[in-house]
Amino acid sequence: MWSGETAEDPRLVVLPNGAGIAYADEILGDRDSRGVLWDRATVNPGQGAPRFAKIHVHRQRRAMRKLLCQVCAGPADRNDDGTLWLIPDRTREWSGWPEGMAVAEPPVCLPCAYLATRVCPALRAEGHLVIRAREHPIHGVDGTHYREGPHTPVPVTSGPVAFDDPAVRWVLASKLVRTLHDCTVITDL
Ligand SMILES: [Zn+2]
């Protein structure tokens, strides 16, 4: 995101009959083709200073849908072993990582992966790894989960949810999520 772009804070309401959340002033473009409600944000690329830690909701969604590089928005790299991803190392938390993992970070191109792994100390400190995945179906969204409150919906948690999970009706989506399958960890880029 750029500092000239702000995440909006519009009023949310609870729909009748347990149908989930909606915007009080909802318009057609607020939901995707599956009926999931998406976070609103203004679009002003190049306005102000870049905020590298924040991914704009529209650009994340586009990059993830079209498999574009999360850094430069060019096509992500792909070879016989699959599409290239740069993701946090979770091998200690669950066996078989990253097989089946849900990711909200779009893939990367080779030059950006090369540059990021060599010059970005934050990535190394956080223990990111480069992997390839042959299969990476769109799984659902990441966002804020709400429950019914006395007046307005109350945020309870955040995290990924599948499109076929009824709980998705209570989520304000901010990222498109894929799951990674048939993965290879790349040790030498
Ligand atoms: Zn790139």
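View 1. Cover is judged by contact: two residues are in contact if their C-beta atoms, placed from the backbone, lie within 7 Å. This is a predicted model: local features need pLDDT of at least 70, side-chain atom pairs count only at pLDDT 80 or more, and totals for chains, interfaces and linings use all residues. Numbering starts from 1 along each chain, as its sequence is written. Helix α1 spans residues 57-66. Helices (H or I, at least four residues) and strands (E, at least two) are DSSP runs, numbered from the N terminus. Which residues of α1 are buried? They are Val-57, Gln-60, Arg-61, Ala-63 and Met-64. A residue is buried if 20 or more other C-beta atoms lie within 10 Å of its own, exposed if 12 or fewer, and partly exposed in between. Leu-67 follows α1, and its phi is positive, near 55°.

**View 2. Strand β9 belongs to an open sheet of 4 strands.** The order is β5-β9-β7-β8, and the pairing is antiparallel. Two strands pair if DSSP finds at least two bridges between them. The edges are β5 (102-103) and β8 (154-162), each pairing on one side only. In a regular strand, side chains alternate between the two faces of the sheet.

**View 3. Strand β7 (residues 138-147) is joined to β9 by 7 bridges.** The two strands run antiparallel. Look for Asp-142, which stands opposite Lys-175 in β9. Gly-143 stands opposite Ala-173, also in β9.

**View 4. Strands β7 and β8 form a hairpin.** How many residues lie between them? There are 6. The strands run antiparallel, joined by 8 bridges. Arg-147 has Val-154 in β8 as its bridge partner.

**View 5. Another open sheet has 4 strands in the order β3-β4-β6-β10.** Its pairing is antiparallel. Strands β3 (78-79) and β10 (181-186) are the edges, and each pairs on one side only.

**View 6. Helix α2 (residues 110-119) packs on this sheet.** The helix touches β4 and β6. Its direction makes about 25° with that of β4. Axes are lines fitted to C-alpha atoms, for helices over the stretch in contact; angles run from 0 to 180 degrees between N-to-C directions.

**View 7. Strands β4 (residues 82-88) and β6 (residues 128-135) are joined by 6 bridges.** They run antiparallel. Where does Leu-86 find its bridge partner? The partner is Val-130, in β6.
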